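Let's take a friendly walk through this structure, stopping at a helix, the segment after it, and a pair of packed helices.

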Amino acid sequence: MTKTEVQTKMTDIHVHILPGLDDGAPDIQEAIQMARLASENGVHKMAATPHANRELEGGKEMTGSFWKGFGELKQELAQQQIYLELVPGMEIFFTEDLPQAIKAGEVLSLNHSRYYLVEFPFSIHPGRLWQNVQSLLQMPDVIPVIAHPERYSCVQKDPELIYELVMDGVLTQINKGSITGKFGKKVYRAAMQLLEHNLAGCVASDAHSATVRTPYLLDARAILEKYYSREYAELLLEENPEKILQNEEIVMRAAARPVPKRSFW
């Protein structure tokens, strides 16, 4: 990569960097390595987004653990002079009571914005996905950002589902590992379809460590520039994720329907 590329200011909205909270960084040392890797390769801002599954742990305990780990990591970054702005967030596993949990403040949006990063079971039925997302869209000042939809089997079979949701106001976050081929051919094809039809809101690392599933985003940037354009790479890695964290409106490129319309529920 050239020096100019490394100096780009990318924003990563999906990183499991807080130590000991989930299957991401196990300790502060690993978290620091992740932060340093990201900072040295063009990421200037990162949302710390541990898994938040309210079926496994309570809301108050979950947010309490988050803020403790978040504060400790921010302090360590400052002491080690790692120039990476860390902001709060969660990757929230959808449960039927999520709308109530949002109202009660038991889960965190991305940097206190109206954008909530939400994930679903990989094998979710398409009709269920549509219904669950609609329950969030009906809430005022809530915009769902669907985490890695290309990994859901129903989207791999029928990406038109994402077209319908994007038309309703949903955003999507594509994993960098999906477009680099880490998760296999089906995921890669689904991710590229979403990209080709302007159904991707942003690309993020979904990093879990400094050695496997890392926060290094320059490989994803190179693929986006090669197959699409530098402008598209900047949109998905810089402009849109930054707007999400700044709680600004995102104007999507004109989306195209991937396949002929048919009922998916």
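**A helix, its neighbour and a helix pair**

Start with helix α11, which covers residues 230–245: its 16 residues reach 22 Å from the first C-alpha to the last, close to the 22 Å expected at 1.5 Å a residue. Bear in mind that this is a predicted model. Along the way, α11 bends by about 35° at L236. L236 is also one of the buried residues of α11, together with Y232, A233, L235, L237, E238, N240, P241, I244 and L245. As a reminder for reading such a list, an α-helix has 3.6 residues a turn, so residues three or four places apart point the same way.

Now step past the end of the helix. α11 is followed by N247, which has a positive phi, near 60°. In the segment after α11 you will also find E249. Is E249 buried or exposed? With a relative accessibility of 59%, E249 counts as exposed. Leaving aside residues up to four places away in sequence, E249 touches R114, Y115 and K243.

Finally, turn to helix α5 (residues 126–137) and helix α7 (residues 160–168), whose axes come within 11 Å and cross at roughly 10°. Because angles under 35 degrees count as roughly parallel, α5 is roughly parallel to α7. Which residues meet here? From α5 come P126, L129, W130, V133, Q134 and L137, and from α7 come L161, L165 and D168. By type, the residues of this contact divide into 7 nonpolar, 1 polar and 1 charged.

Terms used. Residues numbered from 1 in each chain as written. Predicted model: local features only at pLDDT ≥ 70, side-chain atom pairs only at ≥ 80, totals over all residues. Heavy atoms only, no water. Helix = DSSP H or I, 4+ residues; strand = E, 2+ residues; numbered from the N terminus. Expected span 1.5 Å × (residues − 1). Bend = angle between axes of the 7 residues up to and from the residue. Buried < 20%, exposed > 50% of the residue type's maximum accessible area, 1.4 Å probe, protein only. Axes fitted to C-alpha atoms, helices over the stretch in contact; angles between N-to-C directions. Parallel < 35°, antiparallel > 145°, perpendicular 65-115°, else oblique. Contact = heavy atoms within 4.5 Å. Nonpolar A, V, L, I, M, F, W, Y, C, P; charged D, E, K, R; others polar.
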